[in-house]
Amino acid sequence: MELLRFTTAGSVDDGKSTLIGRLLYDSKSIFEDQIEAVKQSSERKGLQHVDLSLLTDGLRSEREQGITIDVAYRYFATPKRKFIIADTPGHIQYTRNMVTGASTANLALVLIDARHGVIEQTCRHSFIASLLKLPHIIVCVNKMDLVDYSEQVFNKVVEQYHEFASKLDIKDIRYIPISALDGDNVVNHSENMKWYKGASLLDTLETLHIGSDENHLDARFPVQTVIRPHADEYHDYRGYAGRIAGGIFRVGDNVTILPSGLTSKIKLINTFDGPVEEAFPPMSVSICLEDDIDVSRGDMIVKNNNQPQVSQDLDVLMCWMSAKGPRPGAKYYLKSTSREVMAIIKEVIYKIDINTMQRLDQDNDIRMNDMARVKMRTTRPLIFDEYRRNRITGSLILIDEATNETVAAGTIHS
Amino acid sequence: MHNKYYLNHLQELESEAIYVIREVAAQFDRPAILFSGGKDSIVVTHLARKAFWPAKIPMPLVHIDTGHNFSETIEFRDKLVAELGIQLIVGSVQESIDKGRAVEERGINATRNELQIVSLLDTIEENKIDAAMGGARRDEEKARAKERFFSHRDEFGQWDPKNQRPELWNIFNGRKRMGEHFRVFPISNWTEMDVWNYILHENLDIPSLYFAHHREAIYRDGTWLPNSEFLVLREGEKIELKYMRFRTLGDITITGGIESDADTLEKIVMEVSASRSTERGMRSDDKRSDTSMEDRKKQGYF
């Protein structure tokens, strides 16, 4: 069975938590004791219906305020697929959590309230999905029960979104009219919207092709750690442990170690369950080389004829995640794959207004939740690909030297 | 339909967990594996074995001993440690009580579950452990669903759910100040079914308690509570001999069992997949309030 990771996006009251509750409930992924607890909580709160959002809002303060503050991960399975949902907050001040949820997802579910159509937050979230290069978007036009299940209303929202999305870089967008509250078109086809001939949300999630979302072309192996057993049997064993970040490695491949540029040949690709002839993403393996050369954490093993960029100057699209903006001239720890270097933000090229997707050339003052195109300089070379080619070797985070906080997420452009 | 360069979901989850475990070994000075003897910590230990093979697991196992154990759990623990040839660190709740660091609960539902927090934090501090890896999964409980892979704890061992570090892509930030530590959960993304399917697939050894067996128990709060020297009978409760097994293992005073005839891994997988209740539905410690797990975790619970 395949694993599909998706994230949810939409405005505060668009009903994300309810939709997820509905997906879990109608796909029979909720256990009786869980639903019983939610029923009791709903009754105590004096609600007339069972509030499925209580299934996902787990923190005390979330339940008090009835909003989602932090990303929550949910799991469900059908006979066809396993799903991991990153349920992310819609509140503007939690945009960083949306970025967090989207960074590992194959797909974004964008919820739109049928009564309100495409609004600011819809655009912002879709834009983030586009910047993070999520390959697929499913637009769920929700609360169709409140607009008399009207096909015209649905078509109008689709048209609106379609026009907006033409400015985005997303290949695959689908539209589904739903009512999360009543379950129309979520798992089961809606009796109320016979005009809709497409697949239900769950059908779509189950059948969407995700096999080509990984990069199988550019062989990349960031070294996490070196395995050296101190046992007689494996006296000279030196395995470079890591997870394949791209491409396909085979025994006998001629490889280059970056940043040193030393070359060797793959002698063995090892796992606990025995050696393998080839390894591909996202396999965790250890690689042994023919030659005894210096390789350590933070290095990258690549093929001789296909190499990433190695540079101290980076062009990065950054999402700032900390309450305090960058201190002038401050150095940050920059982490990308297993490599850690120090870096400074040399120049803010422009900020992006993520509501209008316009460049703000004059405003260089970076604040929390801002997206900005910046030039960075690192103390030691970074090994990377463009984010659009590889989401693993093209991404980075910045860590504040003083507080150890993760203050920014970045995608590398060149 | 699939090309050959494809991992099924269990292989993908395994690979992700191995990646996380290797990050822990690489980023921390004194990591450890929290080992309870339950299925989840057994899986994490097995994954650690895979992550560093053919070398030994480069970190000790830490067991927080409540003193209210199933004897089967302790036997299993000692056998595994001997097999792996690695160090075992035991933190004792009884010792914490004797030292006056913890105060025993009283009453009919008394448990040492919360007292584990003191012993765990003391053990972490005494051994200068900077990353404690555990088998917690996000599907277990709603507060756990919010947990990061790398969960930062302050110098008091506390978790602040409102101030978690964002976790992006697969880049983990393990930076901390002196005295602070991390809890790390390599199988965050696994479900109970994944764990059982994996145990079946890998044919892992697990304590006999998970398999159906005859045992003395009493019926309380919808579960079969095992008879033990720590059990205080309420009026009207009587001890019966049951053919039963446990879905989760913890302190013997809070671990309820189910009537079952699942005595093989295959039958357990069948039984769990047909079950309509969660594994923690049997844990009385979670029933104390809507947010009892969150409240315990804020104090430093695992």
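Strands β10 (residues 254–258) and β11 (residues 263–270) of chain A pair up in the antiparallel sense, with three bridges between them. One place to look is A:Asn254, whose bridge partner in β11(A) is A:Lys265. Keep in mind that this is a predicted model.

How do the two chains meet overall? In total, 81 residues of chain A are in contact with 61 residues of chain B. The area buried between them is about 6,500 Å², and carbon and sulfur atoms give 54% of that. There are seven salt bridges between chain A and chain B, and 29 residue pairs are in polar contact across the interface.

Here are two side-chain pairs that link the chains:

| Pair | Kind | Distance |
|---|---|---|
| A:Glu278 and B:Lys4 | salt bridge | 3.1 Å, N to O |
| A:Arg5 and B:Glu16 | polar contact | 3.0 Å |

You'll find A:Arg5 in strand β1 (residues 2–9) of chain A. Is A:Arg5 buried or exposed? A:Arg5 counts as buried, because its relative accessibility is 12%, under the 20% cut-off. Residues touching A:Arg5 include A:Ile84, A:Thr104 and A:Leu107 from chain A, plus B:Glu12, B:Glu16 and B:Asn189 from chain B.

Definitions and conventions:
Residues numbered from 1 in each chain as written. Chains lettered and ligands numbered in written order. Predicted model: local features only at pLDDT ≥ 70, side-chain atom pairs only at ≥ 80, totals over all residues. Heavy atoms only, no water. Pairing = 2+ DSSP bridges. Helix = DSSP H or I, 4+ residues; strand = E, 2+ residues; numbered from the N terminus. Buried < 20%, exposed > 50% of the residue type's maximum accessible area, 1.4 Å probe, protein only. Polar contact = N/O pair within 3.5 Å; in protein donor to acceptor, adjacent residues only side chain to side chain. Contact = heavy atoms within 4.5 Å. Buried area = accessible area lost by both parts, 1.4 Å probe. Salt bridge = Lys/Arg side-chain N within 4 Å of Asp/Glu carboxyl O. Lists of a residue's contacts leave out its neighbours within four places in sequence.
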